[in-house]
Every structure is written in C-alpha cells, then in structure tokens.
Amino acid sequence: MVKLPQTSVENIPDGLEVATLGSGCFWCIEAVYQNLRGISKIEPGYSGGHIENPSYQKVTTGTTGHAEVIQFLYDPKIISFQDLLEVFWATHDPTTLNQQGADVGPQYRSAIFYHSDSQKNTAKEFKKIIEEAEIYDKPIVTEITPFNNFYPAENYHFNYYESHKNQPYCQFIIRPKVEKLKRVFGQHTKLI
C-alpha cells in the first residue's frame, strides 16, 4: 500500500474511497462527476504541484506544477474505480499534452493521482487496454502518478456549472460533456 499524505477529505467513512482526477478545467470534470451515482464530497482543487496553498492566479501561470483536479469520495459497491476511469477517458481528450480544447498549459493536463496500489494498477491496466484497442488516433498522454497533495480551489469554483449554466463556456464546453455522460453512461448516472 502506498503511504499518502493528508488529503482534504478527512475521516473517510468506512466503505468509501478517495479519488483525484484531472482532465482539463476542473469545472468540466466536476459537472460530469456530480452526476454519477456513488460519488460524494466533490471538491475542485489543485494537485501535483511543488508549492503549498496555491491560488488560482498562480496555478494559471503554469509554473506551480499543479493540475486542476477534482477530489471526491466514492462507494466502490455502487461504482468501481474502473467505471470512474471509463467515464474519465471518455469525457476528455487524453491525447493532448497539457491542453483541453482552448485551455492550454500544464494545469490542464490529463492526470490520475492514485491513492493506492490498486488504483495505480487499475489505471495502468485500463490505459493499456485502451491503447491496444486503438480507440484514439494518437497515444494517451494521461499522467498516472502517486497522489502527493491537494489544495481545494477558491469557493467560487465549487459547483460552477450548476451555478452558471447560461454562461457561454458552460453551454458550449461543459454541457456537451454532461450530455455525453447521460447518453453513454446512463447506467451510472443520477440523470436517468
């Protein structure tokens, strides 16, 4: 078992596990995972960097080493880590290095920060399966690294899509991801 530093999720209830994932802007991935059954306590934030308590302004410079991520609790009896990864890889482009659409910089990288050897093995095995199946035309560049830190984002980033659905970014970038989730992963969503 990998020994991990403290996460922002304290006192994890029995039967639940923690996951930390980045797939570009945390507003997008938060909106997707908020609609999955078995997920709770989703927090947008910053992980993988080399400075403590970074601000959004510092992270967006691309110099802190942090990725925009979400960290959340999940119930593996309801949704497995593999199911979470299937949604992860299907709702962003894991083949663009440090970029998702118009969002460019290392803070927008595709990243899985694993919290256990089991998560690491599942992520690496699943990535290999996707690569061998040639689902994408280009190699997957998703970073699979041990979790080392998480800092919650500023309050105005929490629940962003739900609070700003009429903004153009939410309409044109986030909404299609949520709609794809409903179409492709309906069995795992709260939206059925």
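Helix α1 passes helix α6 in a right-handed crossing, where a crossing counts as right-handed if the near helix is turned clockwise from the far one by less than a right angle, and as left-handed if anticlockwise. The structure is a predicted model, in which local features need pLDDT of at least 70 and side-chain atom pairs count only at pLDDT 80 or more, while totals for chains, interfaces and linings use all residues. Residues are numbered from 1 along each chain as its sequence is written, and side-chain values use heavy atoms, with hydrogens and water left out.

The predictor's confidence in each residue is expressed as pLDDT, on a scale from 0 to 100. The chain has a mean pLDDT of 89, and 94% of its residues reach 70 or more. Over residues 1-6, pLDDT stays under 50. For this stretch the model has 11 contacts beyond four places in sequence, a contact being heavy atoms within 4.5 Å.

Helices (H or I, at least four residues) and strands (E, at least two) are taken as DSSP runs and numbered from the N terminus. Helix α6 spans residues 168-184, and it packs with α1 at an angle of about 35 degrees, the two axes being 9 Å apart. Here axes are lines fitted to C-alpha atoms, for helices over the stretch in contact, and angles run from 0 to 180 degrees between N-to-C directions. On the α1 side, W27, C28, A31 and V32 take part, meeting Y169, I173, I174, K177, V178 and L181 in α6.

Helix α1 (residues 26-33) also packs with α3, at an angle of about 135 degrees and with the axes 11 Å apart. This makes α1 oblique to α3, since angles under 35 degrees count as roughly parallel, over 145 as roughly antiparallel, 65 to 115 as roughly perpendicular and the rest as oblique. The crossing of α1 and α3 is right-handed. The residues that meet are I29, V32 and Y33 in α1 and L84, V87 and F88 in α3. An α-helix has 3.6 residues a turn, so residues three or four places apart point the same way.

Helix α3 (residues 81-90) is largely enclosed by the rest of the structure, because 7 of its 10 residues are buried. Buried denotes under 20% relative accessible area, exposed over 50%, and partly exposed in between (1.4 Å probe, protein chains only). The buried residues of α3 are F81, D83, L84, L85, V87, F88 and W89.

The cysteines were examined for disulfides, defined as pairs of cysteine sulfur atoms within 2.5 Å. By this rule the count is 0. The sulfur of C28 lies 4.7 Å from the closest cysteine sulfur, that of C25, which is too far for a bond. C170 is likewise in no disulfide, the nearest cysteine sulfur, in C28, being 8.2 Å away. C28 is buried at 4% relative accessibility, and C170 is buried with a relative accessible area of 0%.

Among the strands, β1 (residues 17-23) contains V18, a residue that counts as buried at 8% relative accessibility. V18 and F72 are 54 residues apart in sequence, yet their C-alpha atoms are 5.6 Å apart in space.
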